[in-house]
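Let's take a walk through this one together. Have the chain open beside you and follow along.

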Amino acid sequence: DAVKRYLQVCNSRLSALIQLVLGELTSEDRTKIISLITMDVHSRDVVYRLVAEKTEGPAAFAWQQQLRFEWEQPKLDVNVKIC
């Protein structure tokens, strides 16, 4: 299942970022990496919930909860993204 594989990718990325933050970094770099970790933990938790709830594709409400709608004024249209 693609979502389960992506969960593994999320965990691998988090592990790599954690290893980076444990090393020698400037204060600015440490702050940037901690921000990335915070965002990635949230993303990983969302993906984990989709797997745990056995979400069955884009028609499921749990999947649609992650959609974000943006109004594009120049086009007078709605842009829908999965976050």
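Where does K54 lie? Look in the loop between α2 and α3 (61–64); helices here are DSSP runs of H or I with at least four residues, strands are runs of E with at least two, and both are numbered from the N terminus. A quick word on ground rules: this is a predicted model, with local features needing pLDDT of at least 70, side-chain atom pairs counting only at pLDDT 80 or more, and totals for chains, interfaces and linings using all residues. Residues are numbered from 1 along each chain as its sequence is written, and side-chain values use heavy atoms, with hydrogens and water left out.

Back to K54: its phi is positive, about 50 degrees, although K54 is not a glycine. K54 is also exposed, at a relative accessible area of 64% (exposed is over 50%, buried under 20%, partly exposed in between, using a 1.4 Å probe and protein chains only).

L76 is another non-glycine residue with a positive phi, near 55 degrees. You'll find L76 in the loop between β1 (67–72) and β2 (77–82), and L76 is exposed, with a relative accessible area of 55%.

Now for the inside. The largest nonpolar core is made of five residues, L14, L17, V21, I33 and I37; such a core is a set of buried Ala, Val, Leu, Ile, Met, Phe, Trp, Tyr and Cys residues joined through side-chain atoms within 4.5 Å. Two elements, α1 (2–22) and α2 (27–52), each give two or more residues to this core, and α1 supplies the largest share, three residues. Leaving aside residues up to four places away in sequence, I33 touches L17, L20, V21 and L25, where contact means heavy atoms within 4.5 Å.
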